[in-house]
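Hi everyone, thanks for making time.

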Amino acid sequence: MNFYQKYLDSYQHGIIGFATLSILGQSCLGSIAAMFILMGGTSPFQMVQLFFVTIFCMIYNGAVLSQQKPKLSFAILTMSIAVSFISITLNFNNLL
């Protein structure tokens with residue numbers, strides 16, 4: 001928990017810069033996850049994965065644009081990154 005708190009404090013301190021960088025970073029990561037998902041095919045399971053990756057990226061972008069509290073936007077950011085990484089790892093084996 002100390003790891004999370006350290007990065008949350010850093011995010012809250014420099015919210016303007018970190019919000020900009022994190023929108024760019026998580027959007028790129030989300031698009032990479034979408035690419036991996038779609039390279040594996042278009043089954044219903046993959047479309048559900050694509051839905052969740054897209055929704056979590058959009059929720060974070062909306063949270064930053066609507067100027068939500070830094071703690072909430074940071075929590076959404078971590079969920080968005082986790083969903084993207086999980087989708088990448090689930091679809092990485094399909095490509096090999």
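Okay, to start us off: how many aromatic pairs does the structure hold? There are six. Keep in mind that this is a predicted model.

Let's take one of those pairs, Y4 with F74. The ring centres sit 5.3 Å apart and the planes are at 50°, so we call this pair tilted. Now look at where the two residues come from. Y4 belongs to helix α1, residues 2-13, while F74 belongs to helix α4, residues 70-95, so the pair ties together parts that are 70 residues apart in sequence.

Next up, Y11 and F18. This aromatic pair is stacked, with 6.4 Å centre to centre and 25° between the planes. Y11 counts as buried, at 3% relative accessibility, and F18 is partly exposed, at 35%.

The largest pocket holds about 160 Å³ of space, and its lining includes Y11, I15, I16, Q67 and S73. Which helix gives the most to that lining? That's α2, with four residues. Helices α2 (15-39) and α3 (44-65) each supply at least two lining residues. And by class, the lining has six nonpolar residues, four polar ones and no charged ones.

That's my tour, over to you.

Note on methods. Residues numbered from 1 in each chain as written. Predicted model: local features only at pLDDT ≥ 70, side-chain atom pairs only at ≥ 80, totals over all residues. Heavy atoms only, no water. Phe/Tyr/Trp six-rings, centres within 6.5 Å; stacked < 30°, edge-to-face > 60°. Buried < 20%, exposed > 50% of the residue type's maximum accessible area, 1.4 Å probe, protein only. 1 Å grid on protein atoms, 1.4 Å probe; cavity = no way out; pocket = protein on both sides within 12 Å on 5 of 7 lines; lining within 4 Å. Points joined across faces, edges and corners; volume = space filled by probe spheres on them. Nonpolar A, V, L, I, M, F, W, Y, C, P; charged D, E, K, R; others polar.
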